[in-house]
Each structure stands twice: as structure tokens, then as C-alpha cells.
Amino acid sequence: KRTNMAAARSFRLPAWEIMSRCLLTVAGLVLSAYAFYVETSKEADHSYTAMCDVSESVSCSKVFTSRFGRGFGLVELILGADNPLNLPNSLFGIAFYILQLTLGVLPGMSVSIVLLATNVLACLGCVYLAYVLYFILQDACIVCISTYVVNTLLLILNIKRLSLQRNAIMKKQQ
């Protein structure tokens, strides 16, 4: 057990992993910040047109201002529209990307597990929101789809990181 802990602590993150994580999380932060900007701008001025509003069926502001744009459309149903947890989805995204960035530069098996677990939850949320986007709202949100891609790439990165770390521990045991 001590050998496992020592091996996990001595594991150095590859530079490509850190750079990839920085690139993906910054992209996610930019997309989430833009989504928040579009939503708040549209709520303040109904005539506002976002750059991502390409047509009637390709409109991010339509998605962000729908009931599914806050609390994933679930908080309102369960706790009510005025509940403090009924926040714009973009704020949850910002929190997720900050977590992935700050924890992502730290070594450790437990950190890798937390990164992967939170990323799996984010990807499950993406699947749900993609379903809502396509089947309920019947829209193609460029910003939303871009965040699904970023989250999927982060998932691949987190799986690879955990695998590298596990392999390093196995190698040290031999």
C-alpha cells in the first residue's frame, strides 16, 4: 500500500496532458462565459441577436433562454423557478472547467478519480441536454455542441491520465 502511495505521489504529469487540459478548459470557460453573456443580454434586451443565432433552427439564445437553460430544466421542476440553485447552465459549466483546470495540474490517483468522475457527470449532462436540444427544442446550438465536444475530449484526456497513472504504479510495483 505504501509503495502504491509513493508511486502515485512520484507520478509526474506529462507536459502534453497539462497543455491539452489548459487548452480544453480555457475553451470550455470561453464557451461558458459567452453562453452566460448571451443569456443575460437576451434577458435584458429581447431584440438582442447573438453571433451564434444563425437561423430560427440554429439559435443559441433560444436554447439559453429556454427553461432548460437554467438548472438543466430540472431544478425548476423539483425546487421551483425562484430557487437559488436554478442558475444558468453556463455557471455550472464555468465551475466545472475551473475544477478541471485547478485539480488537473495536481498529481495523485485520487485527484485523477475526482476529475474522471466529475467529467462523467458532465458528459451525462451533455447527453441529456443534447437530447433536449434535438428532440424537445428542435434546435442546433453551436455553442452547446462545442461544449459537448470539449467535454468529450476532456473525458478522453481524463481516462488517459488515469491509465497512465495506474500504469506508472504497476511499473513501480514490479
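What you see is a predicted model, where local features need pLDDT of at least 70 and side-chain atom pairs count only at pLDDT 80 or more, while totals for chains, interfaces and linings use all residues. Residues are numbered from 1 along each chain as its sequence is written, and side-chain values use heavy atoms, with hydrogens and water left out.

Cysteines, then. A disulfide here is a pair of cysteine sulfur atoms within 2.5 Å. How many disulfides does that rule give? It gives two.

One joins C52 to C60, with an S to S distance of 1.5 Å. The torsion about that S-S bond is about 45°, so the disulfide of C52 and C60 is right-handed. C52 is buried at 6% relative accessibility, and C60 is buried at 0%.

The other is between C141 and C144, whose sulfur atoms are 2.4 Å apart. Its S-S torsion is about 75°, so the disulfide of C141 and C144 is right-handed. C141 has 0% relative accessibility and counts as buried; C144, at 9%, counts as buried. With the bonded cysteines of the chain numbered in sequence order, the pairing reads 1-2, 3-4.

C126 is in no disulfide. C123 is buried at 13% relative accessibility, and C126 is buried with a relative accessible area of 10%.

Next, the core. By nonpolar core I mean a set of buried Ala, Val, Leu, Ile, Met, Phe, Trp, Tyr and Cys residues joined through side-chain atoms within 4.5 Å. The largest one has 27 residues, and V38, F64, C141 and V143 have the most contacts inside it. Helices are DSSP runs (H or I, at least four residues), as are strands (E, at least two), numbered from the N terminus. Two or more residues of this core come from each of α2 (15-44), α3 (60-64), α5 (89-104), α6 (109-136) and α7 (142-173). The most come from α7, with six residues.

Which residues does F64 touch, leaving out those up to four places away in sequence? Taking contact as heavy atoms within 4.5 Å, F64 touches A35, V38, E39, G69, C141, V143 and C144.

Now the pocket. On a 1 Å grid over the protein atoms alone, a pocket is an open set of points with protein on both sides within 12 Å along at least five of seven lines, and lining residues have an atom within 4 Å of a point. Grid points are joined across faces, edges and corners, and a volume is the space filled by probe spheres set on the points. The largest pocket holds about 660 Å³. It is lined by 33 residues, of which F72, N89, F92, G93 and L129 are the closest to its centre. α6 gives the most to this lining, with nine residues.

Last, M170, which lies in helix α7. Is M170 buried or partly exposed? M170 is partly exposed, at 45% relative accessible area. M170 and N119 are 51 residues apart in sequence and 24 Å apart in space, C-alpha to C-alpha.

Technical notes. Buried means under 20% relative accessible area, exposed over 50%, partly exposed in between (1.4 Å probe, protein chains only). On a 1 Å grid over the protein atoms alone, a cavity is a set of points where a 1.4 Å probe fits but cannot get out, and a pocket is an open set with protein on both sides within 12 Å along at least five of seven lines; lining residues have an atom within 4 Å of a point.
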